[in-house]
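Please keep the sequence and the structure in view while reading.

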Amino acid sequence: MLEDKNVSKTSLAEIGEFGLINQIKEGFPIKLESSIKGIGDDAAVLDYKKDKIVVSTDMLVEGVNFSWSYMPLRHLGYKAVVTAISDILAMNAIPKQLLVSMAISNRFTIEAVDEIYNGMKYACDKYNIDIVGGDTTSSVSGLVLSMTAIGSAPEKDLAYRNGAKENDLVVLSGDLGASFLGLQVLEREAQVSKVNPNNQPDFENYSYLIERQLKPEARLDIINLLKELKVKPTSMIDISDGLSSEIIHLSKESGVGINIYEEKIPLDSIVIRTAEEFKINPITCALSGGEDYELLFTIDQKDFEKIKGNPHLTVIGHVTGKNEENYLITRGSEQMVPLTAQGWGVETEDEEVVLD
């Protein structure tokens, strides 16, 4: 259940599109100097001075990217912001503004929409971002959120996917696999609840995994850390589709091969335990799970001493020669296993959401 049935509900028809826009506008006053004009005019006006502008877009579709059987409205709003700005961070840039477009059906009440935007506001306040516009339209098949993120950076700071060079080190922030396993736990409990609606799921032992799936964090802290350490990545990408896919992206764009080491891939202990519970190799969760939103990047070997021993960063491999293949070096036997892009592509049934 997504809303308290004892709380009064307001249909979208009662206030209309313009009323909804005004309500959204009131909740998002602009706060950044670069945001000259925000919600309320035909277009936003931004001023980035001498910085380069970085723009990315991301979409969340009901029944494909999330399910109402486990996704709270406020968490959806928060996650929508994080997934959008993570792409800006992957350019070694700072996110500044967002354009939010929503296709929504009349199943949703104003209170439901407010909850989604409350989640967005929480994320925007945390990452110091302005929502400066967007669009709203009706939908006959569920909710769709389209997020356009805008950021900036000096040209010298920008990191692209095509800059990795031979002998660079491959570095990863945080740990991997938790988000995918959080999804598995949520999906399992959703199926149990279908059979027994009175069942109360116990997530106590899975809190870290659930949070990584429902409330991921964008690694703005890593971008700031690299600046403090005076480390400029030679290439960079975020982990949205799994480590294996992202390694292949960097390799293809840079025209080089990459070797990573199984024993170096950081895994939380709860990831290892839960993977065993689901009878999945935890390394497989890291390689193919996705939605961790950690940052994967390469650095020149001369910068190793600057990051050595940092608890937020792990060297997991190195760049090999031009046009070579990508391999996982296995633990113990040290076999070279070719890396392949294999996202999980978890399917979710279409579900009716009762909001009134």
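In this predicted model, seven strands make up an open sheet with mixed pairing, in the order β8-β10-β7-β11-β9-β12-β13; strands (E, at least two residues) and helices (H or I, at least four residues) are DSSP runs, numbered from the N terminus. Two strands count as paired if DSSP finds at least two bridges between them. The edges are held by β8 (235–238) and β13 (336–338), each with a single partner strand, so one side of each has no neighbour in the sheet. On average, and ignoring direction, neighbouring strands of this sheet are turned by 25° against each other.

Within this sheet, β7 (residues 169–173) pairs with β10 (residues 295–299) in the antiparallel sense over four bridges, and V170 stands opposite T298 in β10. Helix α6 (residues 220–229) packs on the sheet and touches β7, β8, β10 and β11 (313–322), where contact means heavy atoms within 4.5 Å. The direction of α6 makes about 20° with that of β10; axes are lines fitted to C-alpha atoms, for helices over the stretch in contact, and angles run from 0 to 180 degrees between N-to-C directions. Helix α7 (residues 243–254) lies across β7, β8, β9 (256–261), β10 and β11, and runs at about 150° to β9.

Another open sheet has four strands in the order β3-β6-β4-β5, again with mixed pairing. Its edge strands, β3 (52–61) and β5 (130–138), each pair on one side only, and the twist averages 15° from one strand to the next. Strand β4 (residues 94–104) runs parallel to β5, joined by eight bridges, with A103 opposite T137 in β5. Helix α3 packs on this sheet, touching β4, β5 and β6 (144–153), and its direction makes about 170° with that of β4.

Two helices may be set side by side; the expected span is 1.5 Å times one less than the number of residues.

| Helix | Residues | Length | Span, first to last C-alpha | Expected span |
|---|---|---|---|---|
| α3 | 110–127 | 18 residues | 26 Å | 26 Å |
| α4 | 178–195 | 18 residues | 26 Å | 26 Å |

Among the buried residues of α3 are I116, M120 and Y127; buried means under 20% relative accessible area, exposed over 50% and partly exposed in between (1.4 Å probe, protein chains only). After α3 comes N128, whose phi is positive, near 55°. The buried residues of α4 include F180, L183 and L186, and their cover includes α5 (207–214), α8 (269–277) and α9 (282–288).

A nonpolar core is a set of buried Ala, Val, Leu, Ile, Met, Phe, Trp, Tyr and Cys residues joined through side-chain atoms within 4.5 Å. The largest such core has 72 residues, and V81, L98, M120, L143 and F297 have the most contacts inside it. Helix α2 (residues 73–89) gives the most to this core, with ten residues. Apart from it lies another core of 21 residues, including I258, L287, I316 and L328.

Overall, the protein chain has ten helices and 13 strands, and 51% of its 356 residues count as buried.

Residues are numbered from 1 along each chain as its sequence is written. In this predicted model local features need pLDDT of at least 70 and side-chain atom pairs count only at pLDDT 80 or more, while totals for chains, interfaces and linings use all residues; side-chain values use heavy atoms, leaving out hydrogens and water.
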